[in-house]
Amino acid sequence: MINFQEEIRRFKPSLDVDNIEDAIAGIDLTDMTDLMMQLVENAADTAGKKNADTDKQNEL
Amino acid sequence: MLLIQRERKTLIQINRMNYNTDLIKISKAYYNRGLERALLSDLSGAAEYLKKSLIYDKYRTDARNLLGLIFYEMGETADALVQWVISMNLQPEDNIADSYLDEIQRKAGALSEASSLVKRFNQALNIAQNGGEDFAIVELGDITKRKPNYVKAQLLLAILYMQAGEHIKAGRALMQILDIDKNHPQATFLMEEVKKATGKAEVERAKLENAYKHRELEDDDVIIPKTKTQSNLDRVVIYIVSGVIIGLLSFYILILPSVRRAYNTALNESIISNSQELSDVNASYSKLSSEYSELEKNYNDVSQKLDAYEKQNLAFTSAYEKLNKIISDYSAGNYEAAASEYLEIDRSVITSEPLLGQLKEVDRVMLNDGFKTVLELGTAQWNGGNKEQAEHYYRVALSIKADDPEAMFLLARLLQSQDRTTEANEIFDRIVGEHPDSPYAQRSIDARGY
């Protein structure tokens, strides 16, 4: 049995042509490549810090 | 130390390159799947794959442009524009999205029309979500009529129709969606419900069962070909002639009478109609003729009144002029003319108040001063020895006041002095008979010598 009220409630308004600029500004364009690069850079930074700490301890 | 850092950067770059290559491959794969689905008119499925493709590589312009096209095809113009604008930002050169944007902008009023329909849809949705289903149905009906590919509006309309129990209309809306997007999940599901409600699901299932339940041939089955009966030429001719005769008989017996009857009925109806029209025309003619007679009578009446008025006006003018002339001649000393004109006045035509007033004034002048003046003129002429002229004046005076005893006496005396005794005596007798109390009665008796 279809719950029509629920089906109608799920509908969302269409985007109006007048609101395109706001819609574009609100879109998050981050893709998997960006996320991966972020992860790689974070991982590299963490590794670099660890190496630096080891070097300092060796120097001491 | 420097060596280690350089090595680490190199490792990062290598990792980045490897990841990039893998992600691009995944993105491309999703794009290909999306394109495949789009070519099969499965727009919803295609959109899902294309969105995934863009999640892996936002620079995949083909995927973004195709996603825009799918939005556009489903009636979501603004969403399509968003994708193409982003596409142009990410790849400004050599991008087909540029031509799509140009194409839309070139269509006069396309954007304003799309915007107007979206606003109306959003309003109808809001009304539907707040219990105004009937109004929403009317509004969505008009929106989908103007933009049949507006999938979201068609879907909402279908749901509202189903809620109202109008499954046939809902089915029509869903068919429109499935024509655009063959595997639209909601539309497909709702269409199944509509088919169940209308009984079409049973019919389809029966057809499918029949199609797949043909019994396969077994080894013992024999296929007997249909044999053609050989007819000889005579039989064929007889069949043809019989057919023609039966056809003609059928025509004359069955068809022709009904055709004639229909023709006669139509003819009779036409005659009745024409008679009615003729009768109407005659009635109209009679009415117009009567109106014309009435108008003519009115015209004649008015014309006669106008003539009478003109005549009356002419008589009035003439009388007015004559009265003026009398006063004018009298004032100028032309008493004879004044008296003559006074005697010629037609009193029957003087009926209006102003003219009666003027006549009264003329009467007052002529019967008193005028009369006396003429009488004195006569006496002056007699005294001057001009008896003929004196007689004329006396007679003029008498014409003004025919029974004045003084004027009568003077005229009689003048006639007596001219030895016109008989004429004089007649006048003396009239004075005595008509004015016995007048002083001129005794004087007349004395003068006549009774």
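From the N terminus on, the elements of chain A run α-α-α. Of its 60 residues, 7% count as buried. The model is a predicted one. For the complex, the predictor gives an ipTM of 0.82 and a pTM of 0.51. Chain B has an average pLDDT of 86, and 91% of the residues of chain B score at least 70.

The interface between the two chains was examined from the side of chain B. Contact with chain A involves 38 residues of chain B, which face 29 residues of chain A. Five elements are listed as giving two or more residues to this side of chain B: helix 1 (2-39), helix 2 (43-56), helix 4 (77-90), helix 6 (110-129) and helix 8 (151-163) of chain B. Helix 6 of chain B supplies the largest share, 10 residues. By class, the side of chain B that touches chain A has 22 nonpolar, 7 polar and 9 charged residues.

Packing between helices was then considered within chain B. Two packed helices are described by the angle between their axes and the distance between the axes. Helix 7 (residues 133-146) of chain B packs on helix 8 of chain B at an angle of about 140 degrees, and their axes are 9 Å apart. Helix 7 and helix 8 of chain B are therefore oblique to each other. Their crossing is left-handed. On the helix 7 side of chain B, the contact is made by B:E133, B:A136, B:I137, B:L140, B:G141, B:I143 and B:T144. These residues meet B:A153, B:Q154, B:L156, B:L157, B:L160, B:Y161 and B:Q163 in helix 8 of chain B. By class, this contact has 9 nonpolar, 4 polar and 1 charged residues.

Helix 8 of chain B also packs with helix 9 (residues 167-180) of chain B; the axes come within 8 Å and cross at roughly 160 degrees. That angle makes helix 8 of chain B roughly antiparallel to helix 9 of chain B. The crossing of helix 8 and helix 9 of chain B is left-handed. Helix 8 of chain B contributes B:V151, B:Q154, B:L155, B:L157, B:A158, B:Y161 and B:M162 to the contact. From helix 9 of chain B come B:H167, B:K169, B:A170, B:A173, B:L174, B:Q176, B:I177 and B:I180. By class, the contact of helix 8 with helix 9 of chain B has 11 nonpolar, 3 polar and 1 charged residues.

A further helix pair in chain B consists of helix 12 (residues 233-331) and helix 13 (residues 335-343), whose axes come within 8 Å and cross at roughly 155 degrees. Helix 12 of chain B is therefore roughly antiparallel to helix 13 of chain B. The crossing of helix 12 and helix 13 of chain B is left-handed. In helix 12 of chain B, the residues in contact are B:K322, B:K325, B:I326, B:D329 and B:Y330. Their partners in helix 13 of chain B are B:Y335, B:A337, B:A338, B:E341 and B:Y342. By class, the contact of helix 12 with helix 13 of chain B has 6 nonpolar, no polar and 4 charged residues.

Key
Residues numbered from 1 in each chain as written. Chains lettered and ligands numbered in written order. Predicted model: local features only at pLDDT ≥ 70, side-chain atom pairs only at ≥ 80, totals over all residues. Contact = placed C-beta atoms within 7 Å. Helix = DSSP H or I, 4+ residues; strand = E, 2+ residues; numbered from the N terminus. Nonpolar A, V, L, I, M, F, W, Y, C, P; charged D, E, K, R; others polar. Axes fitted to C-alpha atoms, helices over the stretch in contact; angles between N-to-C directions. Parallel < 35°, antiparallel > 145°, perpendicular 65-115°, else oblique. Left-handed = near helix turned anticlockwise from the far one by under 90°. pLDDT = per-residue confidence, 0-100. Buried ≥ 20, exposed ≤ 12 C-beta atoms within 10 Å, placed from the backbone.
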